[in-house]
Amino acid sequence: IGLTKDEMVENLGTIARSGSKAFLNELSKSAETGGAVDASRGIIGKFGVGFYSAFMVGDKVQVRSKSAYKKEEDQPPLVWSSDGVGSYDIARVSSDIRQDRGASVVIHLKEDHLEYADEKRIEAILKKYSNFVNFPIYLNGNRVNTMEAVWALEPGKVDDDTYASFYKFIAHAYDDPLDRLHYRADAPLEIKALFYIPSFHSEKYGMGRMELGVSLYSRKVLIESKSKDILPDWMRFVKGAVDSEDLPLSISREKPQDTALIAKLRKALTRKFISHLATMAKKNP
């Protein structure tokens with residue numbers, strides 16, 4: 001819906017109004033008074049932190065905008081510009097640039113980051129990290145994220161064809177899976193997991209050690225592809241995805257609290273999978 005000049009100043013002018021600093025101040029005050037604020041999810045993915053990350057690859061960022069408010073309909077579109085070193089300016093958009101109602105973010109790339117002007121490079125990044133997010137992402141008019149996060153669906157409402165198609169996509173496979181495990185849990189962590197047992201085991205035929213096959217997500221955003229932390233090594237033949245909203249997008253192995261979360265997740269997933277193997281063995285001794 002676009003931004004007015006006042007909204008540009010309020011929301012883009014400083015990190016304080018991005019919300020991140022306000023969040024951290026609230027956390028600090030709460031700790032001083034003995035209160036509790038849940039910081040386990042971190043600030044990544046909140047408050048416009050992603051917007052400010054544009055300065056990692058750009059030496060200048062512009063936000064061109066035309067507000068949708070009726071009282072602003074006679075006002076010219078504006079452009080907010082900053083080089084990311086603490087100052088910004090707001091001016092009218094040049095008459096030779098068209099800016100309709102809404103907003104456009106323009107990143108002037110640094111010389112050593114021109115690769116991000118390549119459409120294929122951007123498409124690859126979007127498909128790797130944001131292929132399953134809920135809202136549509138378009139690149140030059142074409143939707144990029146067309147795959148559905150099957151692991152996030154209700155297990156009883158997914159048909160066999162959907163399961164099979166997703167397996168072939170996520171595992172880069174041509175065979176049909178031998179079996180699958182699709183489940184949800186709320187304790188000790190919130191978990192949505194979909195595991196596949198392939199019908200073909202390459203190590204059995206001397207084709208070399210298999211790669212890890214399960215990726216870790218938080219709210220459908222990729223945290224780690226083929227994660228080596230969430231399952232024991234002997235489960236490397238398993239393909240699939242694990243998603244937990246209890247994990248912060250900024251998870252780090254260097255943080256003790258994050259390491260503890262991963263350990264809980266690993267234990268819960270391993271126990272569930274072993275139970276599933278036991279059930280399979282009973283059905284087909």
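Pro188 sits in the loop between β7 (179-185) and β8 (191-197); strands here are DSSP runs of E of at least two residues, helices are runs of H or I of at least four, and both are numbered from the N terminus. The peptide bond that leads from Ala187 to Pro188 is cis, with omega near 5°.

This is a predicted model, in which local features need pLDDT of at least 70, side-chain atom pairs count only at pLDDT 80 or more, and totals for chains, interfaces and linings use all residues. Residues are numbered from 1 along each chain as its sequence is written, and side-chain values use heavy atoms, without hydrogens and water.

Asn140 counts as exposed because its relative accessibility is 61% (exposed is over 50%, buried under 20%, partly exposed in between, with a 1.4 Å probe and protein chains only).

The second largest pocket holds about 640 Å³ of space. Its 26 lining residues include Phe169, Ile170, Ala171, His172 and Lys226, the closest to its centre. A pocket is an open set of points on a 1 Å grid over the protein atoms alone, where a 1.4 Å probe fits, with protein on both sides within 12 Å along at least five of seven lines; lining residues have an atom within 4 Å of a point. The volume is the space filled by probe spheres set on the points, which are joined across faces, edges and corners.

α6 (160-171) is among the elements that supply at least two residues each to this lining, and α6 gives the most, with four.
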